[in-house]
Amino acid sequence: MSWIHTWAFVLLWIHSTTQEKTPDVHVSCVFSEECVLPCSFPAASDEVVQWFHQENLVYKFPQADSDEEQEEEEEEESEHERYDDRAALFPHLVSHGNATLILRGCGTKDRGRYRCHVRTSAGEHEAHVIVKVEAPIRSLTLELSRLSGYEEMKCTTRDVYPAPHVTWTTDPPTTGVLRPITRKLADKQGLYTVESRLRRLRDQPELIYICKVSSSYGTQAWTTSLREREISGTEGRDLTIPCHAPPYLRDPSLSWSFSNGEDPAHILTYDSQSRHSVASPPWQGHVQLDTLRIPLGDGSLRLMDPDHEEHTGVYTCVYSALQETHTEHTEVIISVVAERLNSPEPFHWWIVALVIALLVLALVGMLVYLKVKGSQSKPRNPEEATELQLVKDTTTESNLCESSPLTVEDTSKKT
């Protein structure tokens, strides 16, 4: 009969322990925000509630009245971080069996196992809460860096807890093994800054680099990608600047911007909800976007009548969706038309032509003048020459007769 009593006692003990025990509750708290730790118990009278974190007292209700109890609490609280200004209950709900703890301004040190102990006139009750504290991923950037002497992709996220996981892929996939270097640094609050670098492959200049950052608890996954390219166009001829979304993006919005060494200038924005695009005033009439092709992943921009000075620079298109972005930087070089590049300005031609025309006119004038002068100094025909000679001789003889009286006299004597 003794073994019957022994088994009965064991079964009664197992029944009592399983009836009192409640399963652990898992709670996820956001860093620096308010967190709720649930605890319920059978309502009774004379309630005394105590919350413990890793077996250190966090909060007690009601607060100590006597000096002796207050000294005991101060001794217990000196062993751990004080929660007086951050922990609280709902006093009016305790009599209804609710001992839920409100923890304000959660930090990384608040994670762990909490125990709710309630003693009433009806007995004692305990509940356990497992708290996880997370500073979620709020941003993710990917850029091309040239500071280390070679080109590399840099993927960065900040103020994250716990430290996330980083993975790299490419589109299309590469045959070689990607070897990124990832650094995770924590600040005084325990928040991590994660920076992952991957050297750019030189033999594939238009490759898409994809960086994915996943939280340690598996609650988030952010993805960003980047492609760099160069294209050239001719002044005055329409040019299409490509921009294609990778397959992981779903129904993204699109924005275009331009930079030529100064601050980026906004070109246009496409809204995936309204299916409409809006261009900024300086670019209206110079760019065109086929909104019907954007849902298919083609957000290429048509640049109309480009100018060498105004439109040479870097064009950036950004696809954005929830926790996903894709960026393409395209360096566009607009070259000058060949005729304009290899010949002087029309103004110079007019000057040269005018000078040549004046020289020709001056030369013709001189030739005409010399010809006219020469024709005046020579007889026109032989008859005119004979008459001129006779006139000349007659004039000479008359002059001689008038100027010599002796000759006249001699002539008369002979007569």
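Guide: A disulfide is a pair of cysteine sulfur atoms within 2.5 Å. This is a predicted model, in which local features need pLDDT of at least 70 and side-chain atom pairs count only at pLDDT 80 or more, while totals for chains, interfaces and linings use all residues. Residues are numbered from 1 along each chain as its sequence is written, and side-chain values use heavy atoms, with hydrogens and water left out.

Visitor: What makes Cys155 and Cys211 a disulfide?

Guide: Their sulfur atoms are 2.1 Å apart, and the criterion asks for a pair within 2.5 Å; Cys155 and Cys211 therefore form a disulfide. The angle about the S-S bond is -85°, and the link is left-handed.

Visitor: Which parts does the pair of Cys155 and Cys211 tie together?

Guide: Cys155 belongs to strand S10 (residues 152-160) and Cys211 to strand S14 (residues 208-214), so the link joins parts that are 56 residues apart in sequence. Strands here are DSSP runs of E with at least two residues, numbered from the N terminus.

Visitor: How do you know that Cys39 and Cys116 are bonded?

Guide: The sulfur atoms of Cys39 and Cys116 lie 2.1 Å apart, and the two form a disulfide. Cys39 sits in the loop between strand S2 (35-37) and strand S3 (48-53), and Cys116 in strand S7 (residues 112-120), so parts 77 residues apart in sequence are tied together. With -75° about the S-S bond, this link is left-handed.

Visitor: Why is the disulfide of Cys243 and Cys317 called right-handed?

Guide: The torsion about its S-S bond is about 90°, and the disulfide is therefore right-handed. The sulfur atoms of Cys243 and Cys317 are 1.9 Å apart.

Visitor: Why does Cys243 count as buried?

Guide: Buried means under 20% relative accessible area (exposed is over 50%, partly exposed in between; 1.4 Å probe, protein chains only). Cys243 has 0% relative accessibility, so Cys243 counts as buried. Cys317 is buried as well, with a relative accessible area of 0%.

Visitor: How many disulfides are found in the whole structure, and what is the pairing?

Guide: The search finds four disulfides. With the bonded cysteines of the chain numbered in sequence order, the pairing is 1-2, 3-4, 5-6, 7-8.

How values were computed: Helices (H or I, at least four residues) and strands (E, at least two) are DSSP runs, numbered from the N terminus.
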